[in-house]
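Biologist: Hi! I'm new to this one, could you walk me through it?
Modeller: Happy to, let's have it on screen while we talk.

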Amino acid sequence: MDTQKSTTPLPALTQTASFRLLSSDITTTLSADAPHCLPLDIHNSEVKERRLLGPLVLQLLGIEDMSKSRWEQVEAIEALERGEGTKGREIIRVTSTADDDDSGTTVNKSGGPHKLSLQDARGTKVFGIELQEIKGVGLGMSIGCKFVLKNAVVARGVVLMEPTNSAILGGKIEAWHKAWKENRKVELKAAIEANERR
């Protein structure tokens, strides 16, 4: 039995635990009990509408700005790769610093509404649509970011997200975020080509 007292203050321990939970994959760290996960038949499009009472913790797997075409998103990524950005209507040179690892690889954070790919602790994936602007939701978000949904409506298998039913906890899964950033342009171009073949 350890008789030594911990010298680490409780607020520091709380912050450490919070950071570790927010930077972890919830499919391995949270319980997959039914009341804390999405319904198994969440994708059933025959169910016109249902309400998720929650609270449910979900993590972000991907995000897309629906106000911009896929081609506009590719062009914005390529402009940032060249070190260009916009300030109003003026094109400016963007330089990255050591403190800002995302400055050269993120697309304009504004826009919306956004389509979010989300996952619960069981591993069930679902799309969410931002009906009203939710502060913090944008292309600059970190993949692996955690959300809490409470009293959210699911219409035909899609979660309808609003500030009243969706809260951002934060967090980032570094490996997922890096892979998403590296593959984003390739995925957008593949989707464009698939649409052109139809």
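Predicted model: local features only at pLDDT ≥ 70, side-chain atom pairs only at ≥ 80, totals over all residues.

Modeller: A definition to begin with: accessible areas come from the Shrake-Rupley method with a 1.4 Å probe, and for residues only the protein chains shown count as cover. By that method, the protein chain has an accessible surface of about 12,300 Å², and 53% of that belongs to carbon and sulfur atoms.

Biologist: How many helices and strands does the protein chain have?

Modeller: There are four helices and ten strands. Both are DSSP runs numbered from the N terminus: helices are H or I with at least four residues, strands are E with at least two. Along the sequence the order is α-α-β-β-α-β-β-β-β-β-β-β-β-α.

Biologist: What share of the residues is buried?
Modeller: Of the 198 residues in the protein chain, 34% are buried. Buried means under 20% relative accessible area, exposed means over 50%, and partly exposed is in between, with a 1.4 Å probe and protein chains only.

Biologist: Where is the kink in α4 centred?
Modeller: The kink is centred on Asn-183 and comes to about 45 degrees. The bend at a residue is the angle between axes fitted to the seven residues ending there and the seven starting there.

Biologist: Which residues of α4 are buried?
Modeller: They are His-177, Trp-180, Arg-184, Leu-188 and Ile-192. Their cover includes β2 (56-65) and α3.

Biologist: Switching to charges, how many salt bridges are there in the whole structure?
Modeller: The search finds six. A salt bridge here is a side-chain nitrogen of Lys or Arg within 4 Å of a carboxyl oxygen of Asp or Glu. One of them pairs Lys-185 with Glu-78, with the closest N and O atoms 3.9 Å apart. Lys-185 lies in helix α4 (residues 174-197) and Glu-78 in helix α3 (residues 70-81), so this pair ties together parts that are 107 residues apart in sequence. Through shared partners, salt bridges join Glu-78, Lys-185 and Lys-189 into one network.

Biologist: And which residue does Lys-68 form a salt bridge with?
Modeller: That would be Asp-65, with the closest N and O atoms 3.5 Å apart. Lys-68 is partly exposed at 24% relative accessibility, whereas Asp-65 is buried at 0%. Another salt bridge joins the side chains of Arg-70 and Glu-64, at 3.5 Å from N to O. There, Arg-70 is partly exposed at 28% and Glu-64 is buried at 16%.

Biologist: New topic: where is Cys-145?
Modeller: Cys-145 sits in the loop between β6 (125-130) and β7 (146-149), and is buried, with a relative accessible area of 5%.

Biologist: What is Cys-145 in contact with, leaving aside neighbours within four places in sequence?
Modeller: Its contacts are Leu-58, Gln-59, Leu-60, Ile-168, Gly-170 and Gly-171. Contact means heavy atoms within 4.5 Å. Cys-145 and Leu-169 are 24 residues apart in sequence, with their C-alpha atoms 7.1 Å apart in space.

Biologist: Now the strands. How do β8 and β9 pair?
Modeller: They pair in the antiparallel sense over three bridges; strands count as paired if DSSP finds at least two bridges between them. Val-153 stands opposite Leu-160 in β9. The two strands form a hairpin with two residues between them, and Arg-156 in the turn has a positive phi of about 50 degrees.

Biologist: Which residues are on the covered face of β9?
Modeller: Val-159 and Met-161 are on the covered face, with Val-158 and Leu-160 on the uncovered one. β9 also runs parallel to β6, joined by four bridges, and Met-161 is the bridge partner of Glu-130.

Notes: Residues numbered from 1 in each chain as written. Heavy atoms only, no water.
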